[in-house]
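Subject: The model, and what turned up in it

Hi there,

Here is the structure I promised to pass along. Have a look at it first, and then read on for my notes.

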Amino acid sequence: MTPPEKHRRLNLQQRSTLAGEAAAAATEVETALNVPSDLTGAAFFDVDNTVMQGASIFHLARGLHRRKFFSTRDILGAAWKQAYFRVVGVEDPEHVADARNAGLSFIAGHTVQELQEIGEEVFDEGMQHRIWPGTRALAQMHLDQGQRVWLVTAAPIEIASIIARRLGLTGAMGTVAEHEDGVYTGRLVGDMLHGPAKAEAIKALAAREGLDLSRCSAYSDSYNDLPMLSMVGTPIAINPDARLRSHAKAQGWRIRDYRTGRKAARAGLVVAAAAGGVSGAVAAGAAVRARRH
């Protein structure tokens, strides 16, 4: 490894560690009415395509578009990426980076309270009916066993916390956007909570809460979450992408798939979903233009 490559890798590791520590530090217990009886066991759930169908950041973006945070042209790109993710079920690193940069530019200068209020509305508008009943039942099973349940997602911590609270879960860890005096700066604390950063977040939370990771469970659909899945005693693949499905089978991990029509022609579905997403975006844009006139 050349010195520049080594330096870049260390920077990536440092950003992941910082993102994970920030996510764990920002985590608040949402449901403290009942003290958990199993203090060392817990469950960690990815959100996108694991707890809910599609990408939560898309629904947030659509909600922000409706509130004129950005243009119809911006939402067209988001619609295609959402269609790709929903049908193919594979995260594209370039899509993730684009979402990060675009999201930061959209919220810079806005207040934390504003995003939280919009997030509540967005959950009702576009997320609530996309929750997978099977995954929600698994989360409830852990709660019934006296364990705590956290969401671990690249989505903003403000949105992740809303989803956790609405589902009656313990709390959430998500991407932490920097803010000063309650106003977003347009920068992240570390990086997105993605891949290795999720494992760092769980590690920091486990140290704080006294969790025994060998007694914990983790659920995800993505091979990118292998660091998170590999650090717990019971990893489970939910609606897995092809690489995770293959790895889970090889390791003898449990697999749960709540999707329907998996044998349908994927190419045709991608085209149809993209067309539907674009049509919705165009209709939204037309409505916005109509209101202006």
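Predicted model: local features only at pLDDT ≥ 70, side-chain atom pairs only at ≥ 80, totals over all residues.

Over how many bridges do strand β7 and β8 pair? Strand β7, residues 234-238, pairs with β8 over three bridges, in the parallel sense. Strands "pair" here if DSSP finds at least two bridges between them.

Residues are numbered from 1 along each chain as its sequence is written, and side-chain values use heavy atoms, with hydrogens and water left out.

**Overall layout**

The protein has eleven helices and eight strands. Both are DSSP runs numbered from the N terminus: helices are H or I with at least four residues, strands are E with at least two. Of the 293 residues, 46% are buried; buried means under 20% relative accessible area, exposed means over 50%, and partly exposed is in between (1.4 Å probe, protein chains only). Among contacts with a separation of 6 or more, 67% are between residues 24 or more positions apart, where a contact means heavy atoms within 4.5 Å.

Six strands make up an open sheet with parallel pairing, and their order is β3-β2-β1-β6-β7-β8. At the edges are β3 (171-175) and β8 (254-256), each of which pairs on one side only. From one strand to the next, the twist averages 20 degrees. Helix α6 (residues 133-144) packs on this sheet and touches β1 (42-45), β2 (148-156), β6 (217-220) and β7. The direction of α6 makes about 160 degrees with that of β1. Helix α7 (residues 157-166) lies across β2 and β3, at about 145 degrees to β2. For these angles, axes are lines fitted to C-alpha atoms (for helices, over the stretch in contact), and the values run from 0 to 180 degrees between N-to-C directions.

**A closer look at T153**

T153 sits in strand β2. Is this residue buried or exposed? T153 counts as buried because its relative accessibility is 2%. Leaving aside neighbours within four places in sequence, T153 contacts V47, A160, M173, G174, T175, L193 and K198. Take G174: T153 is 21 residues away from G174 in sequence, yet their C-alpha atoms are 4.9 Å apart. The T153 side chain also reaches the backbone nitrogen of A155, at 3.0 Å.

**Nonpolar cores**

In soluble globular proteins, nonpolar side chains tend to be buried together. A nonpolar core here is a set of buried Ala, Val, Leu, Ile, Met, Phe, Trp, Tyr and Cys residues joined through side-chain atoms within 4.5 Å. The largest one has 39 residues, and F45, L64, M127, L151, I163, L169 and Y219 touch the most other members. Helix α5 (residues 112-127) supplies the largest share of this core, six residues. Beyond four places in sequence, L64 is in contact with F69, F70, L115 and I118. There is also a second, separate core of 25 residues, with A24, V152, A197 and L213 among them.

**Salt bridges**

Side chains of opposite charge can pair when their charged atoms come close. I counted a salt bridge wherever a side-chain nitrogen of Lys or Arg is within 4 Å of a carboxyl oxygen of Asp or Glu, which gives 16 of them.

- R66 and E125 meet at 3.5 Å, N to O. R66 lies in helix α2 (residues 56-66) and E125 in helix α5, so the pair ties together parts that are 59 residues apart in sequence. R66 is partly exposed at 44%, and E125 is partly exposed at 37%.
- R67 pairs with E121, with the closest N and O atoms 2.6 Å apart. R67 is in the loop between α2 and α3 (72-88), while E121 is in helix α5, 54 residues apart.
- E120 and R165 meet at 2.0 Å, N to O.

Through shared partners, salt bridges join R66, R67, E121 and E125 into one network.

Best wishes

Definitions and conventions:
Polar contact = N/O pair within 3.5 Å; in protein donor to acceptor, adjacent residues only side chain to side chain.
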